[in-house]
Amino acid sequence: MNEASETLLSAQGISKRYGPVVALRTADLTVRSGEIHALLGANGAGKSTLVKILSAVIPADGGSISVNGEPAALRLPMDAVGAGIATVFQDPALIPDLSIAQNLRISGLTRAQVHPWLERMNLGHIDYEIQVSDVPLAVLRLLDLARALARDPHLLMLDEITAALTTDQADYVFDIMREWKDRGRSVLFISHRLGEVLQLCDWATILRNGIHVADFDLSGVDEGELVTAMLGEELVKKAEEEIVAVGTAEEEHAADLGPVVLEARDIHLRDKVNGVSFQLHRGEILGLTALEGQGQAELFQVLSGDHRPSSGELLVKGERLRARSPFDAIKQGVVLVPADRQQALLPQRSVRENLTTPLYNRIGRWFTLAGDEAERVERAVDRLGIDVRAGSQAQRLSGGNQQKVTIGRWLASGFDTLLCFDPTRGIDIQTKAQIYDLLREVAAAGASVLLYTSELPEIPLVCDRVLVLYGGRIVHERDAKTATEEALLSAAHGLVEAPA
Amino acid sequence: MTATPQALVTATQAGWRRWLRRHGWTFGVWLLLLVLLAYYATLIPRFGAFQVASIVNNGTPFVFLAIGQAIIVIAGGIDLGVGGMLVLASVTAARFMEGQAFVTTLVIAVAILAAAAVINAGVGWIINTSKVPDIVITLGSLYVFQGLALYMLPNPGGGTSKGFRWLFTGSDTGIGTNPWPAVVMITLVVVAVALWMAKTRSGLSLYAAGSNKTAAYLSGIKATRVKILSYAVGGAFAALAGLANTAIAGRGNATTVGGNLTLNSVAAVVLGGVALTGGIGSAIAVVPAGFILFFLSPILTAMGVDPSNAQVIQGFLIVVVMSVTGVLEWRRRRRS
């Protein structure tokens, strides 16, 4: 790292609070020209808040920002763009009801400005007239990136862009980041995947609980040091112990499989799911993985009762389940933790109320909720370690805590089979460990879990068996303990034939 | 066959299918209007230029009001005050245009449109600043406008120039067989609005603000400004409807109930395929929807339905038609 290179952006002592919750206390960040700078921290550390302040989406309560040595007054998003800062936010910033072309027009961009970037990301054939709500999430992320690149920014900020991308799509992004650096410009990169960070970034700033804790030159650092800085010494030990405990639990557990609780027989759904069959046993955690768009979302819709299959049948404890809505599936004890937390939460309502929602349907409880709910909710809150300081509105919780609430809802109401769709996407290592631990515990207590995850290293840690979905079919099945990342990846790309 | 993410974003849908999906509702509403017209023609003994002119001319204020409401709803608001604005503009025109030359009445008309835009922009500004829901503030503005109209013209009366009446009705007396001035005016207005909303940044911003405020903000759109803009344009359209009303009647009447007009405009907007949650719809489909709603009562009368039952039937029709939309949408989502 060339210490003499000039400072592009400097943010000092940035603070921000939302009601009683302090998102940022004193965040400092210095990005130099020509570097790829990582912004790291556990969930709720304030990374996204800082990015939003730097892009002038929300105002800071205190602190100062300067760009190229000049104090910058960033009041509106366009001010940040004017100052040479372009951001790809965690959530896609495209209007769903308009076409791609109309979205570009709104941002004041032309196709000619965006198209070269889309071509570089293998999206040169994209149809600009298609409505944004019909575009898959991964492509939306890349469209957002192309839009940011078209502004030709001096500082490109990428908030969790790789979380929704497939490996090859992520590689396009990495290439572009490197090019930006070679042109003497800068990238601020946020990712929970430390592998990516170490491979790409020159420098890292670490936030913990809204405070700047350290800056690292990444040339001589390993993952462990970063994790320690992100979580603090004690928490790291605890997280490691939990993961080890998970591993041990699995050893003891894997030997015997209980009776089949959920069975899928030749499920078809239009051309998305093409004949999926599997058995889920009592006390088992069955992993499922796939690249983006291989029918996993549709399969989960069928399993959770949201969508009826075109053909094929579902059996719950040997009896046929013909769900017309999730209500029917839930009655049979099959419950879903969706990928999008917004689908599961009542954002304006309290944590407690969110945890109670599934209890509303219990027969005999239509007129009163005064029974054992309070106790059940209390137990779930304790069990999950949910931070309830912002408990009056679930939307004020950090992403990781929101995810815990989505699982906690079912803990409070009880279930037999938990369908988890990518529950740890974009979540920090400590919360991840807690969620794995929770899943193992749930399974040990006799429930079953079907876990779809896009993060392959998770699979041997948590699952007993693993299925790989490709083109709407299960192409691979194996014992999760022997499932290496390479083997799963090649299967996920459709390169391995299903074992006989 | 598997759908890769790539396949999903390229032109896999046949052109006409996508066209139908995007514009099917607009097409359907126009078709429904034509079917109703054809049916009406068989119902009454003599169907000719006079009947066509009467429907087109008398439906015009209604259509303008619905377009104004549509613009506001698409941008994520709803304006209960448009009916009051119509009445206020109508009586103001009748009071000041009486006995004036054509050119003078035109100047007065432009002044009224501008004033209505400014006043309703103020309503939008109050909604923005006070953070009180649109429906509450505009319920207030409805009463205020209606009251101001009574103050402006306590007794029915006033007048306008012959030329001004011709401009909206194709005849100096407001009654005749010439629908063309109204047709041309509606066409010009609709084309202008459609182009504005589909091609320009400010027009598309309406959809953006109504669809997803956060995404709109992140795209550099000032949602507050968009809201004020939509209320200003909507207010101007309500005033245009009021001017048409004065031209047709040849006088003003402040006891016209603005609230009913507002509810009709909301019904037309819904029938025209505009989502009340904002972000979806077009002015082009609202035009036939406005005509259909206006046209239902003459049809029912021609069918020999008791006027007091006619309202019930009208209400049921709205429910049935909207239920069909709901079912179609549900089926589309099941299939896709």
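Residues are numbered from 1 along each chain as its sequence is written, and chains are lettered from A in the order in which they are written. Local features need pLDDT of at least 70, side-chain atom pairs count only at pLDDT 80 or more, and totals for chains, interfaces and linings use all residues.

Start with chain A. The chain holds 17 helices and 20 strands. Both are DSSP runs numbered from the N terminus: helices are H or I with at least four residues, strands are E with at least two. Chain A has 500 residues, and 50% of them count as buried. Buried means that 20 or more other C-beta atoms, placed from the backbone, lie within 10 Å of the residue's own. Two residues are in contact if their C-beta atoms, placed from the backbone, lie within 7 Å. Among chain A contacts with a separation of 6 or more, 70% join residues 24 or more positions apart.

Now turn to where the chains touch. Here 25 residues of chain B contact 30 residues of chain A. On the chain B side, helices H1 (5–9), H9 (201–211) and H10 (213–218) each give two or more residues. H9(B) gives the most, with 6 residues.

How far can chain B be read? Its average pLDDT, the predictor's confidence in each residue from 0 to 100, is 87, and 94% of its residues score at least 70. Residues 1–8 of chain B stay under 50. Where pLDDT is low, the predicted coordinates should not be read in detail. The model as a whole scores ipTM 0.70 and pTM 0.71.

Key: Buried ≥ 20, exposed ≤ 12 C-beta atoms within 10 Å, placed from the backbone.
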